[in-house]
Amino acid sequence: MLELRGVSKRYGRGAIGADDVLKLRREVFRDGVVDPVEARDVFRLDHACATKDPAWTQFYVDALTDFFVWQANPKGYVDQELGRFLIEFDYHAYLGHPNIP
């Protein structure tokens, strides 16, 4: 699980390089799945860092697809209810909403 405080310190400079993406990929996928807190932290990193290595885009898509398509129900696709949640999740992750883990 990513610790947001550690993530914030590590990426407080507002940039994510290729080496950072590799480290994040190893950390997030070390157990084979992306959990809700890791998904939230990936959203927050995306919003917090203006400069990102091109590798970030593939990591972002891979991590959030794993969580929202393969870990959340229904598995295998995003239904209308999950789609609304995803929009809300992104919005609150960006704002640092206290009800998002």
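Reply: Buried means under 20% relative accessible area, exposed over 50%, and partly exposed in between, with a 1.4 Å probe and protein chains only. This is a predicted model, in which local features need pLDDT of at least 70 and side-chain atom pairs count only at pLDDT 80 or more, while totals for chains, interfaces and linings use all residues. Residues are numbered from 1 along each chain as its sequence is written, and side-chain values use heavy atoms, with hydrogens and water left out.

Me: OK, how many salt bridges are there in the whole structure?

Reply: The search finds four, a salt bridge being a side-chain nitrogen of Lys or Arg within 4 Å of a carboxyl oxygen of Asp or Glu.

Me: Which residue does Arg-25 pair with?

Reply: Arg-25 pairs with Asp-62, and their closest N and O atoms are 3.0 Å apart. The pair links distant parts of the chain, 37 residues apart, with Arg-25 in helix H2 (residues 18–28) and Asp-62 in helix H4 (residues 55–71); helices here are DSSP runs of H or I with at least four residues, numbered from the N terminus.

Me: And how accessible is Arg-25?

Reply: Arg-25 has 27% relative accessibility, so it counts as partly exposed, and Asp-62 is also partly exposed, at 27%.

Me: What about Glu-38, buried or exposed?

Reply: Glu-38 is buried, with a relative accessible area of 0%, and it forms a salt bridge with Arg-30 in which the closest N and O atoms are 3.5 Å apart.

Me: Switching to the backbone, where is the cis peptide bond?

Reply: It joins Asn-73 and Pro-74, with omega about 0°, and Pro-74 lies in the loop between H4 and helix H5 (80–95).

Methods: Helix = DSSP H or I, 4+ residues; strand = E, 2+ residues; numbered from the N terminus.
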